Amino acid sequence: MEKKGPEREIRVDEMGLAFAKIMTIFTIVGIVLMVLPAIAYFMGINPYVPLTEAHKYWRLSANDFWLNVTGRKVTGYSWIFDHLDKTDCLSMIGVLILMITPLLSILAGVVKAENRTYRILLLIAALEFIASILVKSLVAVTSGAKKVVKK
Amino acid sequence: MIWWMWVLALFFMTLGIGIVAPIAGVGGGVLFTPLTMAFYPFSTDFIRGAGLVMAMTSALSSAPHFAKKGLANLRILAPVVVVSIIFSILGGIIGLWVTNAFPQGKSYIKIGLGLILFVVFLVYLFSKRVEFPEIRHIDPISEKLDIHGMWYEPSLGKVVEYKTTNLLYALPAFAGVGFIAGMFGLGAGWANVPVLNLVMGAPLKVATSTSMMIITINDAAACWVYMARGAMLAMIIVPSVLGITIGARIGARIAVKSRPKSIKYLVMAIMLFAAVMDIWKGLHGLGLAPPI
């Protein structure tokens, strides 16, 4: 879109624009992939957790919710990937895309960075983001598993 | 109440939050989580999961718009997130340890957090130059990184150029913010804005806009724990995200045109609200106050 009046004088870094462009694209993709299956879900088409079941147990903690609805606790991402034919689980793929969008945007910034310092800084940030995902997933899975064992 | 009425109510509430959040430079979680906990029947696990996804989507929807306008600045973000992400990982691990080892530890931390927020609120209340801070000296690191930017300020009718400073002091502050964000699963927009504005001297609009960029990263990193624990339900997340997305697009446009002074008051109001909520919840956790 062409800038008007004094806005024409503004110079924005290429890396900032690349970051914004990738973020815009993947946010739209993520939202669309989240919303389309959700529409089918709200219409009652092929759900993993039926709407009435969700309504019945949404007051319970996540652990108790899944125990009541499916008979087992959730520890990891298999509850999504093992049920991609179910509309509510498919909707979570859109959420997962939103969750990796900042990482993809940082990587776009790395590619377009004007100097080595910013390239290195953004690359470190991207690696830390990946480490954060791994650590947090591991913590969630292992602590969830411990709770199952305790029970 | 029938289930679809809750879903509809959730949509309209998040639509309102979406309009306010980008103007204040917060992801919206700081408003969504306490309001939903107070008025909706969902478990806190699902509320925190939905709050994070909603705040992340709000930030993802508005940050690119700010970046294109020159308000959200990747030059500021790059050194800041390198420090904040690593400390958010540490915060997440220690937070889990504190919760398991000391059942009331989180309550004390929440009270401390509320008090810190209250002090920041007072600083905002009495500081004179936060909308367009005057920078007299630029530190060597900021100089070396050449942190600068510009945007067109409609309320002044001109292009405003700016630089930032005090990166050496800001980095430990962001380490602390990252640590708290990781520990509580927050985007921490309420803390990003004062550090960017009061410590680094970024103009308030730049601080609120760049804060949205930081929130996208902090919240996205925090979401993975909730997803892996199944604390995300399409039934709660989708109406929240739709509401916040539509609202944030309206809010981002208002934020660019709005007067910086109105943003200052909004940030202060949200800060005070969050401070009261944190202190109250901390006291409730210790059995010294009734539930909210």
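Among contacts in chain A between residues at least 6 apart in sequence, what percentage join residues at least 24 apart? The figure is 68%, two residues being in contact if their C-beta atoms, placed from the backbone, lie within 7 Å.

This is a predicted model, in which local features need pLDDT of at least 70, side-chain atom pairs count only at pLDDT 80 or more, and totals for chains, interfaces and linings use all residues. Residues are numbered from 1 along each chain as its sequence is written, with chains lettered from A and ligands numbered from 1 in the order in which they are written.

Select chain A. Its secondary structure comprises six helices and zero strands (DSSP runs numbered from the N terminus: helices H or I, at least four residues; strands E, at least two). Colour chain A by pLDDT, the predictor's confidence in each residue from 0 to 100: the mean is 87. Confidence is highest in helix H5 (residues 87-112) of chain A, at a mean of 96, and lowest in helix H6 (residues 116-150) of chain A, at 80. Over residues 147-151 of chain A the pLDDT is below 50.

Next, select helix H3 (residues 44-69) and helix H10 (residues 234-257) of chain B. Their axes (lines fitted to C-alpha atoms over the stretch in contact, with angles from 0 to 180 degrees between N-to-C directions) come within 9 Å and cross at roughly 30°. H3(B) is therefore roughly parallel to H10(B), a term for angles under 35 degrees. Show the side chains of the contact, among them B:Phe46 and B:Met54 of H3(B) and B:Ile236 and B:Val256 of H10(B).

Key:
Parallel < 35°, antiparallel > 145°, perpendicular 65-115°, else oblique.
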